[in-house]
Amino acid sequence: MSGAAAAAGMSTAGVSNTISVARCEDASCTVTTELIDELSAYGEIARLDTSMITVLKCIFVTYFDVRGAQMALADLPGRSEPFPAADHDFRSVRLNMSSQAAKAGVVCGFGQFGE
């Protein structure tokens with residue numbers, strides 16, 4: 001799915017919110033404030049993994065929102081590519097159904113709150 005499709009509100013189910021970004025043009029392999037600012041423009045960063053920067057010459061960026069990853073992929077062709085999400089990159093939400101039902105007045109209809 002393209003960044004434009006993600007931004008347009010299409011389904012992002014099954015798409016990773018982690019990308020790899022080629023960074024090392026020289027031997028220093030450093031992450032600069034400018035790079036972080038550039039990547040943050042696409043969305044809030046959940047995790048910035050630099051553990052493989054000297055070996056693979058890239059960093060792994062995980063966004064909280066998959067649409068941020070898709071926009072970064074679209075805007076950084078040749079420098080970025082999709083990367084599978086780590087096992088611990090997931091979110092879960094627990095809802096107290098009785099309190100939600102009391103507020104909404106019904107037990108079903110959670111589709112109004114989004115995907």
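Reply: Let's begin with a term: a nonpolar core is a set of buried Ala, Val, Leu, Ile, Met, Phe, Trp, Tyr and Cys residues joined through side-chain atoms within 4.5 Å. Keep in mind that this is a predicted model. Here the largest nonpolar core has 13 residues, and those with the most contacts inside it are I19, V21, L39, I59, V61, Y63 and A72.

Me: Which helices and strands each supply at least two residues of this core?

Reply: Four elements do: β1 (18-22), α2 (33-40), β3 (58-63) and α4 (66-75). As a general matter, nonpolar side chains tend to be buried together in soluble globular proteins.

Me: What is I19 in contact with, leaving aside its neighbours within four places in sequence?

Reply: Quite a list: I59, F60, V61, Y63, A69, A72, L73, S80, E81 and F83. Contact here asks for heavy atoms within 4.5 Å.

Me: How about the overall layout? What pattern does the protein follow along the sequence?

Reply: Reading along, you get α-β-α-β-α-β-α-β-α, with five helices and four strands in the protein. Of its 115 residues, 29% are buried. Take the contacts between residues at least 6 apart in sequence: 64% of them join residues at least 24 apart. The accessible surface comes to about 7500 Å², and carbon and sulfur atoms account for 57% of that.

Me: Why is S20 called buried?

Reply: Its relative accessible area is 7%, and buried means under 20%, so S20 gets the label. S20 lies in strand β1. Leaving aside neighbours within four places in sequence, S20 touches C58, I59, F60, R79, S80, E81 and F83.

Me: What makes E38 and R79 a salt bridge?

Reply: The closest N and O atoms of E38 and R79 are 3.0 Å apart, and the rule asks for a Lys or Arg side-chain nitrogen within 4 Å of a carboxyl oxygen of Asp or Glu. So the pair qualifies as a salt bridge. E38 sits in helix α2 and R79 in the loop between α4 and β4 (80-83), so this pair ties together parts that are 41 residues apart in sequence. E38 counts as partly exposed because its relative accessibility is 29%, and R79 does too, at 26%.

Me: How many salt bridges does the rule give?

Reply: The count comes to three. One of them joins D49 and R47, with the closest N and O atoms 3.7 Å apart. Another is between the side chains of D65 and R67, at 2.5 Å from N to O.

Me: Why is D49 called partly exposed rather than buried?

Reply: D49 has 21% relative accessibility, while buried means under 20% and exposed over 50%. So D49 falls in between and is partly exposed. R47 is partly exposed as well, at 26%. For the other pair, the values are 32% for D65 and 39% for R67.

Me: Why is the pair of F60 and F83 called tilted?

Reply: By the rule used, there is one aromatic pair. F60 and F83 have their ring centres 4.2 Å apart and 35° between the planes. Stacked needs under 30 degrees and edge-to-face over 60, with the rest tilted, so this pair is tilted. F60 lies in strand β3 and F83 in strand β4, so the pair ties together parts that are 23 residues apart in sequence. F60 is buried, at 7% relative accessible area, whereas F83 is partly exposed, at 33%.

Me: And which residues make the nonpolar surface patch?

Reply: M52, V55 and L56 make it, with an area of about 270 Å². M52 lies in the loop between β2 (45-49) and α3 (53-56). At 32% relative accessibility M52 counts as partly exposed, and patch residues need over 30%, so M52 passes that cut-off.

Me: What stands out about the phi of K57?

Reply: The phi is positive, about 60°, although K57 is not a glycine. K57 lies in the loop between α3 and β3, and K57 is partly exposed, with a relative accessible area of 39%.

Note on methods. Residues numbered from 1 in each chain as written. Predicted model: local features only at pLDDT ≥ 70, side-chain atom pairs only at ≥ 80, totals over all residues. Heavy atoms only, no water. Buried < 20%, exposed > 50% of the residue type's maximum accessible area, 1.4 Å probe, protein only. Patch = residues over 30% accessible without salt bridge, like charges linked within 9 Å, V, L, I, M, F, W, Y side chains within 5 Å. Areas by Shrake-Rupley, 256 points an atom, 1.4 Å probe, with all protein chains shown as cover. Phe/Tyr/Trp six-rings, centres within 6.5 Å; stacked < 30°, edge-to-face > 60°.
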